[in-house]
Amino acid sequence: MAGQSKRPAGGAPVGRRTMLAMLAAGAAGLAGAPRLQSAWESFLASSSQADPTGLTGLLPNPGGFRYFSVVSSVPRKDATNYKLRIGGLVDRPRTYALADLRAMPQTRIVADVVCTDGWRVDDTPFSGVKLADLLDEAGVRSRGTAVHFTCFDGAYTESLTLEQARRADMLVALDMQDKPITHAHGGPVRLYAAPMYFYKSAKWLSGITVTSKVEPGYWEERGYDIDGWLDGADRHAA
């Protein structure tokens, strides 16, 4: 994802390049072998979280997605202990378990996932609860103009304006590629901001807070665009 470490100007040592080449050759045939592809993706997910060099980002991935965490370790959540808290400038603060979110009406969106690092995965389905529905249940107060998102990794944050948050293509996502979102992909619940670069789709979502102004998120504090619109995105869509 956005923010992976860059390679040193001199490149990797020859021995490491050889290793990467061998791994790449082995990965090339994974697209036709679902079990091997799944194992390879698990390897990439675990390795990238313990790779300060960013070299794992050079390895091919037939699934297309890259893996990145802003911290070295993220606790795992599931149906037994996951909670999503909604508060701030609302009339009815709520806490949702995973089962509560799955019991709500689900919306499926198919769109391209695009990262600022240059990779993309076309026609990716995400399903979940419209962010607007959760905001309506909470009852946004008149002073609320923005929404701030926190994550259970303890570091990742994001923000949207209230107008952006109410769009029909903003989801509190539970499924990706028609399967429950895995831990490596930010599960069990993540934000999915379809018309924006993927850094706006905060992983490991744990909190939604309505605020009186936009509070820059983790990547915005490090120089990223606060809106993050994709080129050609309809910025005025309902």
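**Close-up 1. Salt-bridge network of Asp112, Arg120 and Asp122.** In this predicted model, salt bridges (a side-chain nitrogen of Lys or Arg within 4 Å of a carboxyl oxygen of Asp or Glu) link Asp112, Arg120 and Asp122 in a network. Between Arg120 and Asp122, the closest N and O atoms are 2.8 Å apart. Arg120 is partly exposed, at 45% relative accessible area, and Asp122 is likewise partly exposed, at 43%; buried means under 20% relative accessible area, exposed over 50%, and partly exposed in between (1.4 Å probe, protein chains only). Residues are numbered from 1 along each chain as its sequence is written, and side-chain values use heavy atoms, without hydrogens and water. As the model is predicted, local features need pLDDT of at least 70 and side-chain atom pairs count only at pLDDT 80 or more, whereas totals for chains, interfaces and linings use all residues.

**Close-up 2. Salt bridge between Lys200 and Glu158.** The closest N and O atoms of this pair are 2.8 Å apart.

Close-up 3. Strands are DSSP runs (E, at least two residues), numbered from the N terminus, and two strands pair if DSSP finds at least two bridges between them. In S7 (residues 170-176), seven of seven residues are buried. S7 pairs antiparallel with S4 (residues 120-130) over five bridges and with S9 (residues 190-193) over four. Ala173 is the bridge partner of Gly128 and also of Arg190 in S9.
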